[in-house]
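Please consult the sequence and the structure shown here alongside the text.

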Amino acid sequence: MKTFHQLYLDILQQEAGKGRVLEEDCDPYHMDCLLHPQRHAPVIFAEECEQCAYDRACENSCIFDAFEQGEDGKVHINKEKCTGCGACVGACKLEKLAANKDVVPVLQAVRREGQEVYALAAPAFLGQFGVDVTTGKLRAAFKAMGFQGLIEVAVFADILTLKEALEFDANIRQEQDYQLTSCCCPVWIAMIRKVYKELMPHVPGAVSPMVAAGRVVKKLHPGAVTVFVGPCMAKKKEAREPDIADAVDYVLTFQEVQDMFEAADIHPGQLGEDEKEHSSRAGRIYARTGGVSEAVKETVKQLNPDRKIAVRAEQADGVPACREMIERLKRGETDANFFEGMGCPGGCVGGPGSIIGKEEGRKNVEQYGAAAEYKTPLENPFVPELLARLGFHTIDEFLEKSDILVRDFSA
């Protein structure tokens with residue numbers, strides 16, 4: 001019987017016309033995970049797991065209690081509770097856990113006649129597919145695979161930066177007030193929602209840049225399929241949450257995309273440029289720890305240079321550090337008024353679906369940000385242009401009527 005990883009690679013080869021998968025050699029559970037990933041949690045069992053020599057390190061690493069024992073006595077992963085943070089995958093010394101894959105339904109969508117499919121590339125992409133692979137070359141690679149185009153998610157990070165800066169400027173009026181950023185990291189938000197519910201009033205209802213990108217693409221291109229591409233397994237769960245499930249159809253990690261390129265014999269570094277840059281530095285640095293708070297801080301400063309209460313930011317990365325930061329906040333042991341949490345060490349660049357190391361990823365994000373023509377969304381002319389196309393012509397309309405950029409945490 002083939003392992004999950006063997007079956008996955010064989011199906012990729014089959015989709016590329018280089019072989020055929022014999023179902024009698026496949027575990028039905030693994031086959032269903034690959035053909036219908038939405039039926040399963042972001043993390044799955046790559047091999048059957050009965051007895052553990054490591055005192056169930058996987059279960060102990062999960063702060064969301066996603067591991068449960070079924071009536072058959074076997075442990076399974078509750079897909080409603082699993083956030084896809086990946087802590088259990090790293091904790092399992094026997095390597096019996098793996099990230100679920102969205103590759104097969106994505107390839108099927110790309111090959112469907114008349115179907116427009118757009119890739120939404122996270123800001124952490126630079127350097128993941130080779131040091132010479134720019135946004136333009138990556139866009140050309142996706143088009144070579146059959147995608148209609150590639151959208152730079154950093155543009156929507158710009159828009160969410162503006163929204164969070166405006167909300168901070170409007171709402172943080174006293175020294176004891178504070179804001180918990182809601183952008184970017186689904187593990188951070190899931191932790192607040194499930195472990196620290198009492199802090200939810202301090203979380204603005206902004207969607208993540210991924211969700212904003214998916215919703216805007218679907219509004220401007222009705223019927224399109226949207227595929228987020230990034231380093232994060234947790235985005236797979238975020239894309240299925242009831243109040244925002246209308247935005248993104250599938251989520252691929254960078255490693256999954258690399259597997260697709262290899263199967264299709266596509267080499268992004270050898271392709272020409274298909275360039276369409278629109279984001280500012282603020283949107284591009286979201287991919288590393290401190291990026292969101294730095295972007296909001298600079299934008300608030302530009303919005304209101306004479307503001308008496310400035311953004312005093314504190315950041316944490318990795319689930320233990322995020323929990324420790326929240327506990328200090330609850331004990332009143334910090335004077336910060338803007339808190340940014342990232343579920344992965346180093347931020348998104350340290351995500352489990354990354355191809356390169358987090359330090360190299362951070363360096364590339366800084367390079368990506370430094371190359372931007374504009375520093376903040378207030379300087380970026382594409383931001384008001386895009387907002388106007390969405391029907392927002394004033395700041396009041398943007399804050400009060402931007403349903404497309406707001407989520408319902410009660411759902």
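The points below are grouped by topic. The model is predicted: local features need pLDDT of at least 70, side-chain atom pairs count only at pLDDT 80 or more, and totals for chains, interfaces and linings use all residues. Residues are numbered from 1 along each chain as its sequence is written, and side-chain values use heavy atoms, with hydrogens and water left out.

**Helices α8 and α14**

- Helices, numbered from the N terminus, are DSSP runs of H or I with at least four residues, and strands are runs of E with at least two.
- Helix α8 (residues 186-195) packs against helix α14 (residues 319-331) at an angle of about 50°, and their axes are 11 Å apart.
- Axes are lines fitted to C-alpha atoms, for helices over the stretch in contact, and angles run from 0 to 180 degrees between N-to-C directions.
- The two helices, α8 and α14, are therefore oblique to each other; angles under 35 degrees count as roughly parallel, over 145 as roughly antiparallel, 65 to 115 as roughly perpendicular and the rest as oblique.
- The crossing of α8 past α14 is right-handed, a term for a near helix turned clockwise from the far one by less than a right angle, with anticlockwise giving left-handed.
- On α8 the contact (heavy atoms within 4.5 Å) involves V187, W188, M191, I192 and V195, and on α14 it involves V319, C322, R323, M325 and I326.
- Nine of these contact residues are nonpolar, none is polar and one is charged.
- Ala, Val, Leu, Ile, Met, Phe, Trp, Tyr, Cys and Pro count as nonpolar, Asp, Glu, Lys and Arg as charged, and the others, Gly among them, as polar.

**Helices α6 and α11**

- Helix α6 (residues 135-145) and helix α11 (residues 254-264) pack at about 60°, with axes 11 Å apart.
- This pair, α6 and α11, is therefore oblique, and its crossing is left-handed.
- L138, A141, F142 and M145 of α6 meet V257, M260 and F261 of α11.
- The contact of α6 with α11 comprises seven nonpolar residues, no polar and no charged ones.

**The three-stranded sheet**

- An open sheet has the strand order β7-β11-β10 with parallel pairing, where pairing requires at least two DSSP bridges between strands.
- Strands β7 (179-180) and β10 (313-317) are at the edges with a single partner strand each, so one side of each has no neighbour in the sheet.
- Two bridges join β7 to the parallel strand β11 (residues 338-342), and Q179 lies opposite F338 of β11.

**Residue R328**

- R328 belongs to helix α14.
- R328 is buried, with a relative accessible area of 19%; buried means under 20%, exposed over 50% and partly exposed in between (1.4 Å probe, protein chains only).
- Leaving aside residues up to four places away in sequence, R328 touches E314, E333 and T334.
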